[in-house]
Amino acid sequence: MSEVLQSPIETYINSLLPARDEVLVEMEAYAAENKVPIIGPACGGLLHQLALMIGAKRIFEMGSAIGYSTIWWARALGDGGEVYYTDGSSANFDRAKQYIRRAGVASRVLMGVGQAQDLLTNTPDDFDIIFVDVDKHYYPECFQLALPRLRRGGLLVADNVLWHGRVADPDDTDDTRGILEWNRLVADSGELVSTIVPLRDGVSVSLKK
């Protein structure tokens with residue numbers, strides 16, 4: 001699905017992607033058919049690369065849906081790594097659990113159902129990466145909770161930060177306001193070095209100094 005990128009450019013980028021395995025391809029088809037939001041293969045590759053670049057071993061996902069991004073993270077961690085899956089939907093949890101098992105990464109994934117903010121608060125210790133992909137009006141709250149839980153040199157990553165282009169012509173909704181405030185917070189924080197990667201619907205990547 002094309003988001004911010006013009007369709008021919010997105011098609012070109014996707015033509016360069018390596019083939020995905022059966023599980024990821026099945027998840028992509030299910031998401032398209034059932035309108036389940038996932039990051040897609042290009043952004044999945046970006047997340048995988050980010051984890052490899054900093055040698056991440058502990059990742060917390062704030063919002064995981066059917067576990068598509070979870071699998072990309074988990075495959076980058078190697079043995080001994082941990083990804084925390086969170087989602088408010090029991091149906092998503094059940095489906096994600098099966099996909100994660102079939103992808104061969106169940107031993108690296110700890111799964112929780114409930115509000116991501118509460119689950120993060122109740123999980124001890126710091127993280128190498130925290131990934132935010134919950135309902136967009138919660139993004140500013142997630143920023144305040146996540147930043148103190150990142151180690152120095154860790155990454156704060158968020159999806160949908162260009163919000164289908166609405167950041168350039170904002171509508172008056174809680175979700176759009178949440179995205180705009182997130183972008184302001186990561187840009188203005190003295191603790192972070194941040195950029196927006198204009199891939200798909202925009203991914204913000206912030207390094208904690």
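Strand 1 pairs with strand 2 in the parallel sense, over three bridges. Two strands are taken to pair if DSSP finds at least two bridges between them. Helices (H or I, at least four residues) and strands (E, at least two) are DSSP runs, numbered from the N terminus. The model is predicted: local features need pLDDT of at least 70, side-chain atom pairs count only at pLDDT 80 or more, and totals for chains, interfaces and linings use all residues. Residues are numbered from 1 along each chain as its sequence is written, and side-chain values use heavy atoms, with hydrogens and water left out.

Within the pairing of strand 1 and strand 2, R58 stands opposite E82 of strand 2. Five of the five residues of strand 1 are buried, so this strand is largely enclosed by the rest of the structure. Buried means under 20% relative accessible area, exposed over 50%, and partly exposed in between (1.4 Å probe, protein chains only). In a regular strand the side chains alternate between the two faces of the sheet. Both faces of strand 1 are covered. R58, F60 and M62 lie on one side, I59 and E61 on the other, and all are buried.

The sheet is open and has seven strands in the order 3-2-1-4-5-7-6, with mixed pairing. Its edges are strand 3 (109-113) and strand 6 (192-197), each of which pairs on one side only. Neighbouring strands are turned by 15° against each other on average, direction ignored. Axes are lines fitted to C-alpha atoms, for helices over the stretch in contact, and angles run from 0 to 180 degrees between N-to-C directions.

T86 stands opposite G112 of strand 3. Helix 4 (residues 68-77) packs on the sheet and touches strand 1 (58-62), strand 2, strand 3 and strand 4 (127-132). Contact means heavy atoms within 4.5 Å. The direction of helix 4 makes about 170° with that of strand 2.

R108 is found in the loop between helix 5 (90-102) and strand 3. R108 counts as buried, at 16% relative accessibility. Its contacts, leaving aside neighbours within four places in sequence, are A74, R75, G78, D79, G81, E82 and V83. R108 and L24 are 84 residues apart in sequence, and their C-alpha atoms are 17 Å apart in space.

V193 has L207 of strand 7 as its bridge partner. The two strands form a hairpin with five residues between them. In the turn, R200 has a positive phi of about 55°. Strand 7 also pairs with strand 5, again antiparallel, over five bridges. Here S204 of strand 7 is the bridge partner of A158. Strand 7 is mostly covered, with five of its six residues buried.

Helix 8 (residues 174-188) lies across strand 4, strand 5 (150-159), strand 6 and strand 7 (203-208). Helix 8 runs at about 135° to strand 6. Two packed helices are described by the angle between their axes and the distance between the axes. The axes of helix 7 (residues 139-146) and helix 8 come within 8 Å and cross at roughly 30°. That makes helix 7 roughly parallel to helix 8. Angles under 35 degrees count as roughly parallel, over 145 as roughly antiparallel, 65 to 115 as roughly perpendicular and the rest as oblique. Helix 7 contributes Y139, P140, C142, F143 and Q144 to the contact. Helix 8 contributes G178, I179, E181, W182, L185 and V186. These residues divide into eight nonpolar, two polar and one charged. Ala, Val, Leu, Ile, Met, Phe, Trp, Tyr, Cys and Pro count as nonpolar, Asp, Glu, Lys and Arg as charged, and the others, Gly among them, as polar.

Y138 lies in the loop between strand 4 and helix 7. Y138 is partly exposed, with a relative accessible area of 27%. Not counting residues up to four places away in sequence, Y138 touches Q115 and Q117. The C-alpha atoms of Y138 and G178 are separated by 6.5 Å, although the residues are 40 apart along the chain.

In helix 3 (residues 40-54), the buried residues include G40, P41, A42, C43, G44, L46, L47, L50 and A51. G55 follows helix 3 and has a positive phi, near 65°.
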